[in-house]
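Please look over the model below. The report covers ring contacts first, then helix packing.

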Amino acid sequence: MKTVFSFAEEKMGKTINALNSEYNSIRAGRASAAVLDKIRVDYYGTPTPINQLAAVSVAEARILTIQPWDKSVLSAIEKAIQTSDIGINPQNDGSVLRLTFPPLTEDRRKEIVKTVRSTAEDSKVAIRSIRRDCIDKLKKMQKDSEITEDDLKQGEKKIQDTTDKFIKDIDSIAAAKEKEVMEI
């Protein structure tokens with residue numbers, strides 16, 4: 001029975017980590033190296049993350065600098081950024097790329113908030129799905145006489161409490177991201 005609870009905790013924790021990762025890649029008007037995490041550069045035939053090819057740093061609140069360790073990969077990084085969906089055109093000075101993040105318009109902020117809410121809801125659905133799977137496992141264990149009916153009830157309550165805790169975490173993470181996006 002303990003394995004069911006540890007499985008639930010582990011899976012729900014991974015859902016929270018995935019949500020945080022997704023939120024880090026959402027551009028909120030200020031420079032963040034996390035927006036580059038999903039971009040891959042073709043480096044000698046291998047798709048490679050930018051942070052493995054260059055030093056990525058925040059120069060100012062809205063400027064991100066990318067300084068490749070191998071200057072020959074500069075144009076490949078620039079091309080990868082241009083073809084990505086982050087919507088920023090890099091400036092190339094021959095040794096460093098600069099990404100200037102424009103301030104967000106009110107409409108764009110509202111679109112991003114919708115995305116934040118949608119992503120949070122998807123995470124809640126994933127958490128509830130994990131809850132359902134765990135409760136099904138507990139019911140099967142009870143049916144196979146591995147646990148008693150009382151154990152089943154206690155287990156269902158414990159799974160529900162864990163689910164409620166993670167749903168609350170998702171709500172607070174989403175609220176913090178919405179606040180960050182709406183700040184001017």
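## Aromatic pair

The structure holds one aromatic pair. Y43 and Y44 form this pair, and its geometry is edge-to-face. The ring centres lie 4.7 Å apart, with 70° between the planes. That angle counts as edge-to-face because it is over 60 degrees. The model is a predicted one.

The two tyrosines can also be described by accessibility. Y43 has 25% relative accessibility, so Y43 counts as partly exposed. Y44 has a relative accessible area of 68%, so Y44 is exposed.

## Lysines over rings

Two phenylalanine rings come next. The charged end of K137 sits over the ring of F7, at 3.7 Å from the ring centre. K158 lies over the face of F5, 4.4 Å from the centre of that ring.

## Packing of α1 and α4

Helix α1 spans residues 2-24, and helix α4 spans residues 149-182. Their axes come within 11 Å and cross at roughly 10°. The crossing angle is under 35 degrees, so α1 is roughly parallel to α4. The residues of this contact divide into 12 nonpolar, five polar and four charged.

Which residues of α1 meet α4? They are V4, F5, A8, E9, M12, G13, I16, L19, N20 and Y23. On the α4 side, the contact is made by G155, K158, I159, T162, T163, F166, D169, I170, I173, A174 and K177. F5 and K158, the ring and lysine described above, are both among the residues of this helix contact.

Methods. Residues numbered from 1 in each chain as written. Predicted model: local features only at pLDDT ≥ 70, side-chain atom pairs only at ≥ 80, totals over all residues. Heavy atoms only, no water. Phe/Tyr/Trp six-rings, centres within 6.5 Å; stacked < 30°, edge-to-face > 60°. Buried < 20%, exposed > 50% of the residue type's maximum accessible area, 1.4 Å probe, protein only. Lys NZ or Arg CZ within 6 Å of the ring centre and 35° of its normal. Axes fitted to C-alpha atoms, helices over the stretch in contact; angles between N-to-C directions. Helix = DSSP H or I, 4+ residues; strand = E, 2+ residues; numbered from the N terminus. Parallel < 35°, antiparallel > 145°, perpendicular 65-115°, else oblique. Contact = heavy atoms within 4.5 Å. Nonpolar A, V, L, I, M, F, W, Y, C, P; charged D, E, K, R; others polar.
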